[in-house]
Amino acid sequence: MMLTHLSEEQFAQLAAGHGGDGATGHLETCLECRERLQAWRNDLHRLRSDLLQGAERSDIYWHSQRNAIMRRLDATGSAKHIGWNLGWSLACYALALSLLVLAFLNFQGARNGIGPAPDVSDAKLLQEVEDRINEDHPDALVPTDLLVSEMSGQSAELNGQNIQQASVQQAKVKRVRKPR
Amino acid sequence: MLDVMELAGQPVAAAALEDFDEIVRLHQQRIYRLLLGQVGDPTLAEDLTQECFVRAYQSRAQFRGEAQLSTWLVRIAVNLARDYYRNRRMNFWKRLVRTDSSEEDSQRALAIPDHGSSPEQQVLQREKLGQVMELIQQLSQPQRETLLLSVMEEMSLKEIAQCTNRRLGTVKTHLYRALINLRRLQEGKNDVDSSE
């Protein structure tokens with residue numbers, strides 16, 4: 001049994017409905033503390049009823065308040081919907097604009113001759129390179145060929161056309177040398 | 001029952017605007033009362049109540065059903081009241097510079113815009129509310145918040161901790177301090193401990 005009276009903390013705990021440690025035993029024997037606790041509880045009860053009474057409104061008020069809330073919710077929903085539509089519209093416009101720009105650039109490129117590269121197959125390309133390698137020496141280079149072949153003594157190895165040309169050239173040279 | 005997670009068989013997250021009307025009907029009085037106790041101004045409490053439901057509707061997808069719907073709404077209301085006090089603190093200097101009388105402001109704050117009740121009723125309500133507000137407004141914001149949720153809404157300590165996002169021990173401390181301070185104020189002692 002507690003000899004001293006309850007503290008404020010213990011009264012607060014009891015008034016809030018939570019058991020204060022060892023306080024209940026003291027309350028059974030102490031009339032003063034019981035009365036004080038009752039006063040605490042009465043004050044709280046009064047506070048609650050005053051607050052509830054102060055916040056009491058008529059049905060008309062609650063109805064109009066509910067309508068106001070629903071109007072705001074409706075407006076919020078509409079604003080969101082409008083925002084969503086606006087976003088989509090802007091995206092579509094941007095896409096259309098970029099497509100137009102691309103089409104215009106492509107058209108300009110075609111006009112300037114910057115078109116796609118001609119389609120040449122690998123086999124055809126190889127054939128062209130081979131032909132170029134195998135083609136005959138131009139006429140201007142024939143004397144050089146002759147000189148080279150004379151120096152290396154490989155005239156016999158010259159192909160038929162070169163031999164023919166070489167003989168023609170030699171005949172010309174002899175004809176030129178004869179008058180001397 | 002609508003107080004729990006579901007609304008006519010469908011989750012709150014998928015609730016349409018028409019369904020939300022029922023949620024407003026069921027909870028608007030409680031939310032209004034709580035906000036009125038917090039801010040002490042009927043007009044402001046009305047605006048904040050509307051805002052509370054707008055926020056609830058916008059973030060209904062975030063309601064996971066872990067708590068009761070009413071607890072979730074109370075939590076939104078508590079945050080709104082906190083935002084209000086934060087903004088009010090920021091506007092402190094602005095109001096200091098203003099020279100118009102604060103008496104007029106407090107009269108306007110306690111005017112109850114209820115067209116459905118008689119003028120006598122309104123006067124009585126205003127008086128009651130004025131007396132209570134005078135006491136409650138002297139408590140610190142966390143103490144007031146905890147006291148209102150406990151005394152007026154009769155919430156358990158655990159529920160208050162959920163709504164206010166505080167630890168159970170902190171909630172207990174705030175509640176007991178609020179009760180002690182309230183008692184001191186009612187007894188005419190002015191040494192209120194407003195530590196948070």
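Biologist: Which residues do ring pairs link into a cluster?

Modeller: This is a predicted model. Its ring pairs draw on both chain A and chain B here. The cluster consists of Tyr61(A), Trp62(A) and Tyr32(B).

Biologist: How many aromatic pairs does the structure hold over all chains?

Modeller: Ring centres must lie within 6.5 Å to count as a pair. Over all chains, the number of aromatic pairs is 7.

Biologist: What kind of aromatic pair do Tyr61(A) and Trp62(A) form?

Modeller: The centres of Tyr61(A) and Trp62(A) are 5.1 Å apart, with 75 degrees between the planes. Planes over 60 degrees apart count as edge-to-face. So the pair, at 75 degrees, is by that cut-off edge-to-face.

Biologist: Is Trp62(A) buried or exposed?

Modeller: Buried means under 20% relative accessible area. Tyr61(A) falls in that class, and Trp62(A) does too: buried.

Biologist: Which charged residue sits over the ring of Tyr61(A)?

Modeller: A charged end lies 5.7 Å from the ring centre of Tyr61(A). The cut-off for the distance is 6 Å. The residue is Arg57(A).

Biologist: Why is the pair of Phe20(B) and Tyr57(B) edge-to-face?

Modeller: The ring centres of Phe20(B) and Tyr57(B) are 5.0 Å apart. The class follows from the planes, because they stand at 70 degrees.

Biologist: How many residues apart in sequence are the parts that Phe20(B) and Tyr57(B) tie together?

Modeller: Phe20(B) lies in helix H1 (residues 17-39) of chain B. Tyr57(B) lies in helix H2 (residues 42-58) of chain B. The pair therefore ties together parts whose separation in sequence is 37 residues.

Biologist: What is the distance from the charged end of Arg60(B) to the ring centre of Tyr57(B)?

Modeller: Tyr57(B) is buried, as is Phe20(B). The charged end of Arg60(B) sits over the ring of Tyr57(B). Its distance from the ring centre is 4.0 Å.

Biologist: How many helices does chain B have?

Modeller: From the N terminus on, the elements run β-β-α-α-α-α-α-α-α-α-α. That secondary structure comes to 2 strands and, for the helices, 9.

Biologist: What share of the residues of chain B count as buried?

Modeller: Chain B has 196 residues. Its accessible surface comes to about 10000 Å², with 48% belonging to carbon and sulfur atoms. The buried share of the residues is 50%.

Biologist: Which element of chain A has the lowest mean pLDDT?

Modeller: The mean pLDDT of chain A is 77, and 66% of its residues reach 70 or more. Among its elements, helix H3 (residues 31-54) has the highest mean, 89. The lowest, 64, belongs to helix H7 (residues 160-177) of chain A.

Note on methods
Residues numbered from 1 in each chain as written. Chains lettered and ligands numbered in written order. Predicted model: local features only at pLDDT ≥ 70, side-chain atom pairs only at ≥ 80, totals over all residues. Heavy atoms only, no water. Phe/Tyr/Trp six-rings, centres within 6.5 Å; stacked < 30°, edge-to-face > 60°. Buried < 20%, exposed > 50% of the residue type's maximum accessible area, 1.4 Å probe, protein only. Helix = DSSP H or I, 4+ residues; strand = E, 2+ residues; numbered from the N terminus. Lys NZ or Arg CZ within 6 Å of the ring centre and 35° of its normal. pLDDT = per-residue confidence, 0-100. Areas by Shrake-Rupley, 256 points an atom, 1.4 Å probe, with all protein chains shown as cover.
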